[in-house]
Amino acid sequence: MAGEAITTNNEDVQNEWGQICSQLKQEVGEKAFDSWLKPLSISSFSSGVMNISVPTRFMRNWVITNYSDRIHKIWGKKNPNIKSINFIVQAADEGIMTGVHNSTCRSLLKKISQSPAPQNIYQSGVNNIQPEAGYVSDANQSLSVPLNPQYTFENFVVGKTNEFAYAAARKVAESDDIPFNPLFLYSGVGLGKTHLMHAIAWRIKQRNPNKNIVYLSAEKFMYKFVRALRYKDTAAFKEQFRSVDVLMVDDVQFMGGKDTTQEEFFYTFNSLIEEGRQIIISADKSPSDLEGIETRLRSRLGCGLVADIHPTDFDLRIGILQAKAKQLNCELPQKVAEFLAQKITSNIRELEGALRRIIAHTQLLPGKEITLENTQDVLKDMLRSYDRRTTIDEIQKKVAEHFNISVKEMQSSRRARTVARPRQIAMYLAKLLTLRSLPEIGRKFDRDHTTVMHAVRKVEELIKEDTSVAESVEVLRRSLEA
Ligand code: ADP
Ligand code: MG
């Protein structure tokens with residue numbers, strides 16, 4: 001997305017930025033680098049003004065306070081043409097649209113999101129919840145991989161974090177023309193990219209059974225291509241793609257570093273786009289962040305619509321749990337749903353896995369209902385492994401660092417807002433991310449359990465009212481869970 005806007009010395013400036021990043025990484029350490037500097041990217045450079053995009057307002061303030069002088073200094077030395085550096089917040093819905101006319105695109109997407117949403121519930125049967133089961137074969141067997149019948153739009157629960165990607169996917173699946181090409185979906189693992197791609201394929205098939213849709217992973221593409229090379233059969237390989245109407249390639253990050261495959265993919269990609277065929281790509285990063293992928297391919301990948309799926313939020317996790325429980329005809333008490341949605345935040349795959357385990361467990365013992373106790377019991381190991389991922393000490397350290405206070409101050413009796421607020425946030429995160437009890441958490445802060453309880457409630461309120469608190473908590477949670 002960023003590459004196109006740079007008007008001069010595109011490559012130079014990108015290279016310099018790469019070098020600056022490596023230097024900063026050494027100076028500030030990997031953790032701070034990953035939290036604060038890695039998410040930055042060059043947005044544009046012209047007439048001596050460098051614009052760097054930052055994902056959130058909170059991060060922008062942090063970067064300006066802590067790193068901008070240093071960035072300025074290093075860069076000024078490398079490139080005297082740079083007169084000033086601005087850090088700009090690239091709001092999600094601006095950042096993710098490129099190569100298309102934004103206002104047109106927004107209104108199109110708005111239209112879809114206003115059209116009646118499908119019922120986002122699973123239809124029936126225990127098997128539905130096991131994605132591996134019940135694959136059906138696809139028409140184009142030699143090239144395409146079978147589609148999962150459960151991965152449909154109807155089974156996709158829509159929330160704030162995935163509504164844009166969902167709307168874009170429906171637009172591609174339901175348009176008679178090609179609204180944007182390629183559609184590039186990206187997110188961390190287990191957040192629904194593959195599900196959405198299959199859903200697009202099912203919908204297109206439904207609307208137009210004659211369309212030749214090919215869905216495959218980048219790995220499969222590479223495997224097929226390498227085989228064709230070995231058997232000196234690349235002409236036949238190319239021929240296979242000629243009749244494709246819709247090509248979907250999942251997880252293209254795996255092409256990183258494989259130069260000949262990339263070249264072939266680039267060729268296939270370009271010729272299909274030229275012939276007006278729809279391409280849909282997924283990856284774990286945005287096109288500009290893909291490592292080991294040639295610049296021209298990266299910029300090609302980003303020239304349609306780029307839509308990301310954000311990590312889930314609490315409401316979506318609850319929605320997904322309820323939908324899946326309903327589909328399984330299973331009574332899931334609200335308390336249990338909340339417990340799971342609070343504890344299992346990494347991705348939807350793990351959330352599903354946990355639910356599946358509890359259901360399987362209770363179904364084995366007739367008359368047994370799902371309760372908070374048996375949920376905690378069944379998931380003990382799973383939750384403990386979550387718990388092991390982060391400790392209260394680590395939380396205190398991270399939060400103190402984040403707010404520029406010391407851990408000692410955090411544990412002290414000082415009540416000034418600058419210390420008390422970070423302390424409350426640390427307590428809140430300790431409750432959220434570990435399995436420690438309130439008294440145990442309290443001891444770590446030299447407080448009793450009622451103080452912790454109060455802190456947790458307070459932060460819950462603040463998250464709703466104060467975006468800067470919400471952002472801090474979110475940034476900290478992510479970096480602690482990383
Ligand atoms: P990714 O390809 O991003 O790694 P998947 O598409 O494989 O993720 O999703 C992982 C699991 O979570 C799948 O079983 C999928 O059906 C489920 N899933 C993901 N997003 C949703 C959603 N919004 N609603 C319902 N299920 C979802
Ligand atoms: Mg996937």
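These legends describe close-up views of a predicted model. Local features need pLDDT of at least 70, side-chain atom pairs count only at pLDDT 80 or more, and totals for chains, interfaces and linings use all residues. Residues are numbered from 1 along each chain as its sequence is written, and side-chain values use heavy atoms, with hydrogens and water left out.

**View 1. The cis peptide bond between Asn181 and Pro182.** Omega is about -5°. Pro182 sits in the loop between helix H7 (163-174) and strand S4 (183-186). Helices (H or I, at least four residues) and strands (E, at least two) are DSSP runs, numbered from the N terminus.

**View 2. Asn329, a non-glycine residue with positive phi.** Its phi is near 55°. Asn329 belongs to the loop between helix H13 (314-327) and helix H14 (334-343). The residue is exposed (over 50% relative accessible area, 1.4 Å probe, protein chains only), at 74%.

**View 3. Asp446, a non-glycine residue with positive phi.** Here phi is near 60°. The loop between helix H21 (438-444) and helix H22 (449-465) holds Asp446. Asp446 counts as exposed, at 63% relative accessibility.

**View 4. The crossing of H13 and H14.** The axes, lines fitted to C-alpha atoms over the stretch in contact, come within 9 Å and cross at roughly 130°. Angles run from 0 to 180 degrees between N-to-C directions. Contact means heavy atoms within 4.5 Å. Phe314, Arg317, Ile318, Leu321 and Gln322 in H13 meet H14 residues including Ala337, Leu340 and Ala341.

How values were computed
Chains lettered and ligands numbered in written order. Buried < 20%, exposed > 50% of the residue type's maximum accessible area, 1.4 Å probe, protein only.
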